[in-house]
Amino acid sequence: MPYQNAVEFQLHYNDIHSESIMAELITVLAAPLYLILIGWELWVDKRRGTGFYRLNDAIASMSLGVISRTHRLVVFAVGTYIFTQVLPTAGDQFWRDNLWLAWLVAFIGYDLTYYWNHRLNHEINCLWAGHVVHHQSEDYNLTTALRQSSGGVFDWIFSIPLYLTGIPADIIIASAGLNLIYQFWVHTQHINRLGWMEKWFVTPSHHRVHHAQNPLYWDKNYGGVLIVWDKLFNTFQAERDDTPIIYGVSRPLNTMNPLKANLQVWWYLLRDALYCKSLWDKCRIWFMPTGWRPADMEARIPIAKTDLASFQKFNPEVAGNIKIYALFQFTAAFLLGFSFIFMFSNETRLITLLAAWLFVTLPLISTGHLLDGGSAQWELVRLGLSALIFGLCINQLPGAPYSQWFAGGYLLLNLGALVLLMKPTAPQTT
């Protein structure tokens, strides 16, 4: 419907933005529980001596999780705007009068739309480019669950059929958050098959198959909570004892840098589209099955794929002080990102949101560079940029003066940590 004035538009925008924030808060509020469970799994891993954790990979995965959560508040919620502007709300009162039914339909319905969203993310080039980040880790543990992409820009489209039912948006959004929280615990190798649950629900065994790069396990087990969709639509594969799972993707990432992780497949697609000879191939490459490339580009610039017979994890050697510094930066980013989501509101200027997001994100990118074995000199440049961002936005930060002291204190601690980082030590395997 058209807006009568700017105030009416702003009020409507505030409602939209609030629902978007609510979706983030559901998953963010679970973050402390996630960290507790990661700590528990790490303790079990050390006790059993299974070696399912590596510091560099764990920090890379959790860094990508922080970036994926915070960047969503920078982008206007286009999907929610469409839902509230275009889709019908006539059924809203019926669902409000039958809340138990609304929750049931929303939860099961969202799981079904999630299945098809997830499946197509694996089957179409441009969708895979936005989803691949979640599969790039060559380890499989609870930190892998937090390894999320910042490029899944089309996911909201798949929820449109659910919104067409008229179920209130807040119930659908809450169901999506609960669905995502359920998926956290299935990212572990420490839980074996679970009897009757294997028939109906996604379990760690089912989801381990989904993260495998073994050809037997390709494109299987897309369900979020219910495994029945995979059995119904013929994409189910049980974990087999005679085929040990090798985790990761067939075109290995070979970096701990979150920026490169998000851009790798997009760059492959863009490069092929720019340099292939056929105009038709330039257009269709984005929508072809995952992994499809123009024949001339496959011949000119082949992309190396993993040889599973001689598979070795990407595991660069770094000094002990870099490992400590990486832990410091992730801890700081987690705390800053957490406060970022809670402090900023729909009244915060977009430029301030963007600046705060860069303040949280840039250290994680440079830390990934360090974990790759890169030079620490770039950290001096990055710290200078962070200080500049802080100086330019200090008067616009919500929650002042607490947010100002918090961000300023981080910069001082970062300076001290950087001094220790520059002190040379012997390299170690991470």
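Leaving aside its neighbours within four places in sequence, which residues is Ile38 in contact with? Please note at the outset that this is a predicted model. With those neighbours set aside, the contacts of Ile38 are Tyr53, Met62, Leu142, Thr143, Leu146 and Phe184.

The largest nonpolar core comprises 48 residues, and Ile38, Phe184, Ile322, Phe359 and Leu421 are the ones with the most contacts inside it. Several elements each supply at least two residues of this core, among them helix H2 (31-48), helix H3 (55-71), helix H8 (142-146) and strand E1 (317-319). Helices H17 (320-343), H18 (350-371), H19 (377-393) and H20 (402-421) likewise each contribute at least two.

Let me now turn to helix H19. Its 17 residues, at 1.5 Å a residue, should span 24 Å, and the end C-alpha atoms are 25 Å apart, which agrees. Which residues of H19 are buried? They are Glu379, Arg382, Leu383, Ser386, Ile389, Phe390 and Cys393. Viewed down the helix axis, the buried residues of H19 fall within an arc of 120°, so they line one face of the helix. Those buried residues pack against H17, H18 and H20.

My last topic is charged side chains. The count of salt bridges comes to 11. In one of them, the side chains of Glu123 and Arg119 meet at 3.0 Å, N to O. Both residues lie in helix H6 (residues 99-123), four residues apart, about one turn of the helix. Arg119 has a relative accessible area of 16% and is therefore buried, the cut-off being under 20%. Glu123, at 30%, counts as partly exposed.

A further salt bridge joins the side chains of Arg284 and Asp281, at 2.9 Å, N to O. These two residues are three apart in helix H15 (residues 279-284), again about one turn of the helix. Here Asp281 is buried, with a relative accessible area of 10%, whereas Arg284 is partly exposed at 25%.

Arg293 and Glu298 form another such pair, at 3.6 Å, N to O. Arg293 is buried, its relative accessible area being 6%, while Glu298 is partly exposed, with 36%.

Finally, which residues are linked in a network of salt bridges? The network links Arg54, Asp57, Asp139 and Lys313. Thank you for your attention.

Conventions: Residues numbered from 1 in each chain as written. Predicted model: local features only at pLDDT ≥ 70, side-chain atom pairs only at ≥ 80, totals over all residues. Heavy atoms only, no water. Core = buried A, V, L, I, M, F, W, Y, C linked by side-chain atoms within 4.5 Å. Buried < 20%, exposed > 50% of the residue type's maximum accessible area, 1.4 Å probe, protein only. Contact = heavy atoms within 4.5 Å. Expected span 1.5 Å × (residues − 1). Arc of directions from axis to C-beta. Salt bridge = Lys/Arg side-chain N within 4 Å of Asp/Glu carboxyl O.
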